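Here is a short report on how one chain is put together. Keep the structure open while reading.

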Amino acid sequence: MSHRRVCFSLLLIASALLWSDTAWADRHERIPPATHAPTVKACSDCHMLYPAEMLPKASWEKIMKNLDNHFGETATLPEGERQEITRYLTRMAGDGDGRAWGRKFLRGLSEGDAPMRISETPYFQRKHGKKLSAGVFKKEGSRSPANCPACHLQAAQGWYEE
Amino acid sequence: MKAFIVWMVGLATVVPQHAWSGEQASLLEKYARQARQESPDFTVFQPQRGELFFTSRHSGGKPDTPACTTCHGATPTSSGMTRANKPIEPMAISKTPSRFADPDKVEKWFGRNCDSVLGRPCTAQEKGDVLVYLLKQ
C-alpha cells in the first residue's frame with residue numbers, strides 16, 4: 001500500500017469516527033443535574049430542577065430578583081439563601097462555567113438578553129418547532145413546555161434527547 | 001387572666017386528645033400564643049373554620065392560585081399537583097405523617113402560599129385552624 005493511500009484511509013477513518021462521535025454526542029449528551037444542595041432544595045419542590053446551563057446569567061439574575069412573583073406564584077426565600085442560589089446559578093449559567101452545554105441555548109440571543117423561560121430561547125424553539133406549531137404544548141394537562149419529563153422521561157436525570 | 005384560663009382550657013381540650021408529635025403540638029401552641037396576641041377574642045382553633053379556609057376560593061392573591069385546593073387537591077387526603085406538574089403529597093396527617101414536623105418548613109410555606117392565595121400573610125388563627133383541620137384528617 002502506498003504511503004498516500006494509507007494516509008487517505010486514515011483520514012477517512014478519522015472523519016468517520018469524528019462524524020459518528022458528533023452524532024452520538026448530539027443524541028446522548030447528558031446535562032448533569034445540579035448537585036448544589038441549597039439550589040436542589042429550594043428549586044425542586046415545585047418544578048423540575050432546570051439546568052442553570054440553559055439560560056444566561058442575566059436571566060438567572062432577573063428570575064432570582066423577582067421571586068415574589070415567580071411565574072404567578074410567591075417563591076420568596078430568605079435573603080442569604082437567595083443570594084447563595086443566585087451565585088450558583090449565575091456561575092453555572094450558559095455564558096458562565098456551563099458554556100460547554102449552554103452555548104447551544106445561547107445561540108440567537110444577543111448580549112444582555114434575559115429570557116425568563118428556557119422555552120423562550122431560540123434554541124428551544126428550533127428544537128421543538130414542530131411540536132410548537134402543532135400546538136402540542138397548548139393542550140391541557142401535563143404537556144407544558146415547563147414540564148420536560150412529560151416527554152423527555154429521563155430529563156430529571158439529565159437526558160433530554162430521548 | 002380569665003382569657004388565659006379560657007385559652008388553657010381550650011388548648012387542653014384540643015391538644016391532648018390526639019397522638020400528635022411534640023413538634024406538631026408545640027407548633028400549635030406557638031400559633032395559639034400568637035393568635036391570642038393578635039386578637040383578645042381568640043379562644044380555640046376550630047377545624048371547621050380550617051376546612052372552610054382550606055376549601056374556599058379567596059380573593060386578593062395571584063389569579064392562578066385562588067385557593068389552597070388549587071395545588072393541594074380537592075381534599076386533604078388527596079394528592080396535589082404544583083402548577084409545574086410536580087406531585088404534592090396529601091396534607092392530611094393520616095396520609096403523610098411527617099407533615100408539620102419542621103416548624104421552619106411550615107412557616108416557609110404558609111409565608112409563600114398565603115401571599116399567593118390571599119395576597120397577605122395569614123393570621124395565626126388562620127394557620128392554627130388549618131393546622132388542626134389537617135391534623136385531624
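## Where two helices meet

Which residues in α3(B) meet which residues in α6(B)? This is a predicted model. On the α3(B) side, the residues are Pro47(B), Arg49(B), Gly50(B), Glu51(B), Phe53(B) and Phe54(B). They meet Glu126(B), Asp129(B), Val130(B), Val132(B) and Tyr133(B) in α6(B). By class, this contact has 6 nonpolar, 1 polar and 4 charged residues.

Two packed helices are described by the angle between their axes and the distance between the axes. Here α3(B) spans residues 47-55 and α6(B) spans residues 124-135. Their axes come within 7 Å and cross at roughly 100°. An angle from 65 to 115 degrees counts as roughly perpendicular, so α3(B) and α6(B) are roughly perpendicular to each other.

## The buried face of α3(B)

Gly50(B), Phe53(B) and Phe54(B) are buried in α3(B). Seen down the helix axis, the buried residues of α3(B) fall within an arc of 95°, so they line one face of the helix. An α-helix has 3.6 residues a turn, so residues three or four places apart point the same way.

## Nonpolar cores

The largest nonpolar core has 24 residues. Those with the most contacts inside it include Leu28(B), Tyr31(B), Val130(B) and Leu131(B). Val132(B), Leu134(B) and Leu135(B) also belong to that group. The elements that give two or more residues to this core are α2 (22-38), α3, α5 (103-118) and α6 of chain B. The largest share, 7 residues, comes from α6(B).

Tyr31(B) touches Ala124(B), Lys127(B), Gly128(B) and Leu131(B), leaving aside residues up to four places away in sequence.

## Chain B as a whole

Chain B has 6 helices and 2 strands. From the N terminus on, its elements run α-α-α-α-β-β-α-α. Of the 137 residues in chain B, 28% are buried. Take the contacts in chain B with a separation of 6 or more: residues 24 or more positions apart account for 61% of them.

Note on methods:
Residues are numbered from 1 along each chain as its sequence is written. Chains are lettered from A and ligands numbered from 1 in the order in which they are written. This is a predicted model: local features need pLDDT of at least 70, side-chain atom pairs count only at pLDDT 80 or more; totals for chains, interfaces and linings use all residues. Axes are lines fitted to C-alpha atoms, for helices over the stretch in contact, and angles run from 0 to 180 degrees between N-to-C directions. Helices (H or I, at least four residues) and strands (E, at least two) are DSSP runs, numbered from the N terminus. Angles under 35 degrees count as roughly parallel, over 145 as roughly antiparallel, 65 to 115 as roughly perpendicular and the rest as oblique. Two residues are in contact if their C-beta atoms, placed from the backbone, lie within 7 Å. Ala, Val, Leu, Ile, Met, Phe, Trp, Tyr, Cys and Pro count as nonpolar, Asp, Glu, Lys and Arg as charged, and the others, Gly among them, as polar. A nonpolar core is a set of buried Ala, Val, Leu, Ile, Met, Phe, Trp, Tyr and Cys residues joined through C-beta atoms within 7 Å. A residue is buried if 20 or more other C-beta atoms lie within 10 Å of its own, exposed if 12 or fewer, and partly exposed in between; C-beta atoms are placed from the backbone. The arc is that of the directions from the helix axis to the C-beta atoms.
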